[in-house]
Structures are given as structure tokens and as C-alpha cells.
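Here's a quick briefing to read alongside the model. Have a look at the picture, then work through the points below.

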Amino acid sequence: MNGFFYILKRFVPPYKKYLILNIFFNILAAFLTLFSFAVIIPILEMLFQIKEATYHYMPLGSASLKDVVFNNFYYYTQEAIQAYGPSATLALLAAVLVFMTLLKTGVTYLSSYFIIPMRSGIVRDIRNYVYDKIVTLPISFFTSERKGDVMARMSGDVAEIENSITASLDMMFKNPVMIIVCLAMMIMISWQLTLFVLVLLPIAGLVMGRVGKRLKRQSLEGQKQWGLLMSEIEETLGGLRIIKAFNAEHKIKERFHRDNHIFYRISNRIARRQSLAHPMSELLGTTAIAIVLWFGGTLILTGASSMNAASFIYYMVIFYSIINPAKDLSKAMYSIQKGLASMERVDKILNAVNPITDPVNPHEIKDLRGEIKYNDVDFSYGQNKVIDEVSLHIPAGATVALVGQSGSGKSTLADLLPRFYDVQAGSITIDGVDIRQMRVHDLRAMMGNVNQEAILFNDTFFNNITFGVKEATMDQVIAAAKIANAHDFIMATEKGYNTNIGDRGCKLSGGQRQRISIARAILKNPPVLILDEATSALDSESEQLVQEALDRLMKNRTTLVIAHRLSTIKNADLICVMHEGKIVERGTHQELLALGKYYKHLVDMQKF
């Protein structure tokens, strides 16, 4: 429960007015419930001719409030009988009962009406908070998490939390009000019988609570399995081409069917236990009513209570009004147990610590030149050391290329520059300022990235090119597209720059996608550029067009290039050969060929 109290404490304050209105109407509904049922007593007494006493009007203050209210109610009823007759008075009392019930149901609706914006708002805020957290978390967090599982937490788990919040709000602000008001009236009618009820109800609640405890454990298991299914669906959609190419449909189906069947079994166990709530509460409620009927009837028959038969029936009606909120409390406990299980999974995201933080007193580089230095940098993924004491100087405006076998540390070295990861030893400086002493936003604003896989969004050409750039004009976008050799094929589409390019740019070829990502980098106009194998996945014609665009982009910028195709970087100012996390050779293309070692071996392999 602490998790839910924390969530409510954190997210309820913006909706205080809705909460106050809800509590007010809940209290009003509880009192109207009592008064509407109170009309039953004179109806029963008239039908069974129990009371034949004569009543006189009593002014307020002449006796206790309870005695004045009940006396005057009987007085007016008596006057009505004398004026209109018993039948007409009975009809009038029935009409009063209907009117009071109308007021009660109307007020109950208003209590729900005002709690809905609060409930939906809290869930909206939680979903926003989780999404914001996902966006701000470092890339390292997602290397150990399945994307599908993160999606499941955003969808299924947040939906469970929504159901639990609904139940918990009712449990805290609606049902207790009804129970307290009804219990107060029951004490006024018969304290002996109410004392017996107060002993009986907690026993029933204890039985229900013990059943609900196991539900949380099973719900947590079910949500984990749902996350696994979401991951498999996401992997299937992303790798559908490979699945079909390798005739692996049967294998992938078997895996999904197996895990889906596990989820089916877990869901059955949870649903069966949850469906036990209603029959068990019904049985316990009926048992409680039967016991109270026996005990209360015994008090009346032995003369140990001042209640008459009509008052006892009214008492039982009020007691029955408590049974339903008590049942709802038991159901709410089931929902809250499921929600707590989901909350644990969502908390893994909400409580994740982002090690990439801004310094307390950040440094700003006013006149950026773009000189970059790696000083004895170390970095590891767990126990696997990827970068080993690397030192590298990239002069302002120079182009430095990193080459080497896959897994040699090239991409990781580049990822350390925009602080996708932080160095574990040594430092990286730009114009003499340690990048950890700069705001992350300011650091990344200096840089443009073009990756091997062109990451585009399901949007228009215009919005993809202007991604991350505020208030770009169409003329600026067109100019960037022309430099990137993208303008012609964009204009050949149906709506030009307003054409949607599909999911991840699926309507475009590889070369076209890459040129759009280059246009995006050109429009940002960054002083520092990182090119991560930007042409390695292209055919020769597309590579030539993209390389021309890259040459224009790299002009007068500090550029760090990662390349497998050595022909694209032979004009670089400096080429560094990486092997097992270290720079083993550095120099120009001709100097490295003359050494006749690692670089020459790579060139010879590509020629072959």
C-alpha cells in the first residue's frame, strides 16, 4: 500500500478541488441514504399498526436533536393521516422515499462525476512521467532491458495501475464515508447490536485479506510474462524480413505459442482467484446478515433492546447498506494487489538513476573552435573492457577517421563524445573543457550525428529534416536537402516535403533514407560531426551521392568518422586504427600504408 499512498501523495495535489467535491458529495450521499431509508419506518408502522401514540410538535432545543427530528416526523405523519387518510399518507411517504432516493442517486453521480477527472488525470500524469523518464534515461539502461517489456510497462502495467487507483480512491474516499455514517446511525438505534457487528465485520475482512495476498505475487509473474510477449511481438515485426528469408516462421510461432500458453495459465490462476472475491464476499455478507438477524431478533424477543420490529428492519436495511461498501473494499483489495505488482515494474523505470547528469556549476564555451582531446580514456561494459587508455587529439576543423575490425571499440569511442555513456577513467575535453563539466543539452547541441542505420520517424520529409531544430523555414529545409542530394527525389513524391515517409522511412531506399538524415544534420549546422559508418550499407551509386553530401557537410567542421569502407576516408587528416580497445596505429593514408601493418592488412583485404 505504501507505493499507492506515495503515488496519490505525489499526483493528487493538482486535483485537490475534485477530491474535496468528491468527499463532500460522498458524505451528502451517505446522509441521504439514511434519511431515505428512514421513511421506511413510519410506512411499516402504518402497515402493521405498531404505533398508536399521539405526537405533539416539539421546537428545536426542547430535547435532543434525534428526539426532536423523530417526534416531528411522526407528528407531521399523524397530521397527514388525519387530513388525508392512511392510504393517501402512505402514498405520500412512498413519494418521499422515491424523491429522497432520486436525491441520493443524483448526489452519488456527482461524486463520481468529480472524481473521474482526478482519476484519469493521475493516470495521464503517471504515463507522462514514465515516458519522460524513458526519454531521459541513458542508452545503457536499454541495453539490459527488452523494448517490448518497456512497452508493456507503459501500456498493460499502467492500465492495471489505473484500475487500482480507481479502486483505491473508492476505498479511501467513498466506502469509508458510507460505512462510518451508517455505523453512527446504527449505534444510535442499538449500541448493543452494533458492538456485535463491529466484532463480526473485521473477521470477514481478515478472511478476504488473506486470499488477496497471493494475488500480488501471481500478478507480478503475469505482467513479466506479458512483457516477454510484447518483446517477442516487437522483435517479430522488426525482423519479419529475416524470419521469412530463413523460413523460420514455424520456429518463431512455436516460441510465441509456448510463451503465450504460459501467460494463459498464469492469467487463469489470477482470474480465478479474482473471481473468488464476489462469491466469497456474498457468502460472508449473507452469513453476517443471518447472524445479526438472529442476535437482533433475540434482543427484541427478550426485551433487552428498546428497538421495535420496524426499527429493527430499518437497522437491517442500514446494515445491508454497509455490506455493499464492505464488499467493494474486498474487491478493491484485489485490484490494489494487482496494481501493486504493476507498480513494482513501473517503479523500475521511475526509480532508475540516470548517471549522465548536469554539473552544479556548468561551464559554457562561448567561442567554440571544436578542438577535441581524449585523455587516457577507459570504458567497460560490465567486466568487458572496450576502451583501454586511449588518447586522441582532434584539432579544430580536422577530420579524424577510426578504422578497425568489428568490436575493436570504434563506435563506443564515438558514443563517449556526446555522453551517451560516461568515461570510467580519463577525460574528454572540447576546447580544454571537460565534457562532464558542461550541460548535456549544450554538449549535444554542438554535435550532429549520421549513423549507419538512418533513424527516421513516421512523419513527413519536412518534419524529419527539421527534427530537433526549432522554427526552421521551408527555404532552409530545401537548401539543406539540396546540399544532401535529397531535393530531387523529395519533389518527385506526391506531396513533396509534406509526403509521409512511413515507419522508419520504409517508403524510401537505403540511400534516400541516409540522405534525409544528412539533410537533418546539415540543417542543425553543428560545429562537431560524428559519422558512424554512414555509407557502409549503400550501393555504389547511392554511396557516391551520399559521399558528395557528406563532403559538403564535413567542410570546416571537426569530424569524427567511423568507417569500414576505407576508400571513403583516405583523405582524412588523421586515420586511427583500433584493435581490442586500443589505438595501435595512427597517421595519414599514405603513412599507414608505408608502415605495412594493421592498416595495410585491412586495405589489402578490401581490395581482395
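A salt bridge here is a side-chain nitrogen of Lys or Arg within 4 Å of a carboxyl oxygen of Asp or Glu. Side chains of opposite charge can pair when their charged atoms come close. By that rule, the structure holds twelve salt bridges. Keep in mind that this is a predicted model, where local features need pLDDT of at least 70 and side-chain atom pairs need 80 or more, while totals for chains, interfaces and linings use all residues. Numbering starts from 1 along each chain as its sequence is written, and side-chain values use heavy atoms, leaving out hydrogens and water.

**Salt bridges**
- D442 pairs up with R439 at 3.3 Å, N to O.
- D442 is partly exposed at 26% relative accessible area, and R439 is partly exposed too, at 33% (buried is under 20%, exposed over 50%, partly exposed in between, with a 1.4 Å probe and protein chains only).
- E371 forms a salt bridge with R369 at 3.1 Å, N to O, and E371 counts as buried at 19%.
- D388 and K582 meet at 3.5 Å, N to O.
- That pair links distant parts of the chain, 194 residues apart: D388 sits in strand β2 and K582 in strand β10 (strands are DSSP E runs of at least two residues, helices H or I runs of at least four, numbered from the N terminus).

**Around F295**
- F295 lies in helix α12, residues 277-301, and is partly exposed at 23%.
- Beyond its neighbours within four places in sequence, F295 touches Q192, L193 and F196 (contact means heavy atoms within 4.5 Å).
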